[in-house]
Amino acid sequence: MTTASPSTSETLIHSENPSVQAFMTDLIKKTPHETEFHQAVREVAESIFPFIDANPVYKTAKIFEQLVVPDRTILFRVCWADDKGQIQINQGYRVQFSNAIGPYKGGLRFHPSVSLGTFKFLGFEQIFKNSLTTLPMGAGKGGSDFDPKGKSDVEVMRFCQSFMRELSRHIGANIDVPAGDIGVGAREIGYLFGQYKQMANEFTGVLTGKGIAYGGSLIRPEATGYGCVYFVEEMLKRNGDSVKGKTCIVSGSGNVAQYTVEKILALGGKAVTVSDSTGYVYDPAGIDHDKLDFIKELKNVKRGRIEEYATRYGCQFFANERPWSVKADIAFPSATQNELDEQDAATLIKNGCIAVGEGANMPSTLEAIEVFRHHKILFGPGKAANAGGVAISGLEMAQNSMRFHWSREEVEAKLKDIMARIHAQCVAYGQDATGHVDYVTGANVAGFKKVADAMLSYGII
Ligand code: NDP
């Protein structure tokens, strides 16, 4: 599966709102080459500038101008020895974006494609997402250009230990609490936490997504995918509809995609696609529990290619393609950024798609979002729809502080409640006079307001 071309500078700058246009021109000049970051800021700016115009207190204090500059950006070298004894060198990153409403919080991504612009886009999105969860969490993001694919477990361990030797200077249970993201799952979190614990000689909730044996929360692995389907269910419920009986297309086959498929099944829907970076499989009969177990084993244990699913279950594999041409009611882009472009969005609409839940961060290009908004389908942007993961990370922090564990049922009930509350905030700030909800505006404004109000309280710092 290939990703779409990101928006050009011209597209990122051009706006009907002259304030947005001037702001983006300046931002791109000051931070050249950070295209993904510009895209994330542009999407938020379009919603926030009219809100700031109506509430000049935020304008005078230049809150948005402050928010696009991270509190701190940490770049570091990560040296490790591979299985042949050769020295390998990777780039480490941690962008501590904003601690206005709590300790920096956000995942670590290990993927060869990353750059500073990737982590700035992810960290910026995290500001609004974490605010929407209603929990006290600031925003950060980090990781490395290290590629875990094809590495032995021991190589991954050596890399994680070296990465943490430097990162440990900058994080702490009340300072900055990283978690997983692409390429960072249970195995990597275990190695990272083990190294931190040994160096700091303390056992605190400095990372989330930990194993259950050492302080993890039940439902954390499931939370992003489950939460995304709950969010879509909330959007549909407002229209008197539900996921039950709906055909769904899902991209990705990692953590978020797996639990998205699981919750679609639980709510009576049918998921017919999954993908990875090599292409997608289309299973018209639907992915049932046995097939989902196969995917989990394939991707989490054997670390194989999704084509093996097609071979095992006798369905079609489409090499280097994305699944958006498959006819479906609901789309769940759950792999990576810019994986759904304008043409894909038009195809989804033509095929009768009524809702999109972004499990991934920024999977839809700006042009694709415009198509969804123009056609007024239910579009749940990532910062709202995939906030369930970080929400349960927040609950993992709470349980670690209490030295206590909630049951599976208790955590899932809290997740469901948080997703409903995120949905309600989007409605409160995104509903127009006709009753139509623009979830992009709703999520951006609701997420911004809480952080902005906290910043106003602090004065000029
Ligand atoms: P995983 O590493 O578990 O899975 C990622 C999936 O996306 C894999 O199927 C991978 O394919 C595919 N993928 C990754 N990069 C690319 C690419 N450049 N082109 C095509 N396919 C790609 O990650 P997660 O499931 O955790 O994360 C998926 C998305 O969800 C990301 O955008 C992440 O930021 C977001 N997210 C994750 C949260 C979490 O709790 N984990 C929370 C909120 C958002 P392959 O196996 O071939 O690499």
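How do the residues of the shell around the ligand divide into nonpolar, polar and charged? I counted five nonpolar, 15 polar and eight charged. For these classes, Ala, Val, Leu, Ile, Met, Phe, Trp, Tyr, Cys and Pro go down as nonpolar, Asp, Glu, Lys and Arg as charged, and the others, Gly among them, as polar.

Ground rules first. I am looking at a predicted model, where local features need pLDDT of at least 70, side-chain atom pairs count only at pLDDT 80 or more, and totals for chains, interfaces and linings use all residues. Residues are numbered from 1 along each chain as its sequence is written, and side-chain values use heavy atoms, with hydrogens and water left out.

**Ligand**

I found 28 residues around the ligand, the closest being Lys149, Asp181, Thr224, Ser277 and Asn361; to be near, a residue needs a heavy atom within 4 Å. Helix H9 (220–238), helix H10 (255–266) and strand E7 (270–276) each give the shell at least two residues. Helices (H or I, at least four residues) and strands (E, at least two) are DSSP runs, numbered from the N terminus.

Next I looked up polar contacts, which here are pairs of N or O atoms within 3.5 Å. A polar side-chain atom of Ser277 sits 2.5 Å from a ligand oxygen atom. For Asp181 I noted 2.6 Å to an oxygen atom of the ligand, and for Asn361 2.8 Å, again to a ligand oxygen atom. Alone, the ligand exposes 890 Å², and the protein buries 87% of that (Shrake-Rupley method, 1.4 Å probe).

**Helix pairs**

I then turned to H6 (residues 116–132) and H18 (residues 439–458), which pack at about 85 degrees with axes 8 Å apart. Axes are lines fitted to C-alpha atoms over the stretch in contact, and angles run from 0 to 180 degrees between N-to-C directions. H6 and H18 are therefore roughly perpendicular (65 to 115 degrees). Their contact (heavy atoms within 4.5 Å) includes Ile127 and Phe128 of H6 and Phe448 and Val451 of H18. I get seven nonpolar, three polar and one charged residue there.

H3 (residues 35–54) also meets H6: the axes come within 7 Å and cross at roughly 25 degrees. That makes the two roughly parallel (under 35 degrees). Among the residues in this contact are Phe37 and Val41 of H3 and Phe121 and Phe124 of H6.

**Backbone**

Most residues other than glycine have a negative phi. Lys62, not a glycine, has a positive phi of about 50 degrees, and I placed Lys62 in the loop between H4 (56–60) and H5 (63–67).

Methods
Angles under 35 degrees count as roughly parallel, over 145 as roughly antiparallel, 65 to 115 as roughly perpendicular and the rest as oblique. A polar contact is a pair of N or O atoms within 3.5 Å; within protein, one must be able to donate a hydrogen and the other to accept it, and residues adjacent in sequence count only if both atoms are side-chain atoms.
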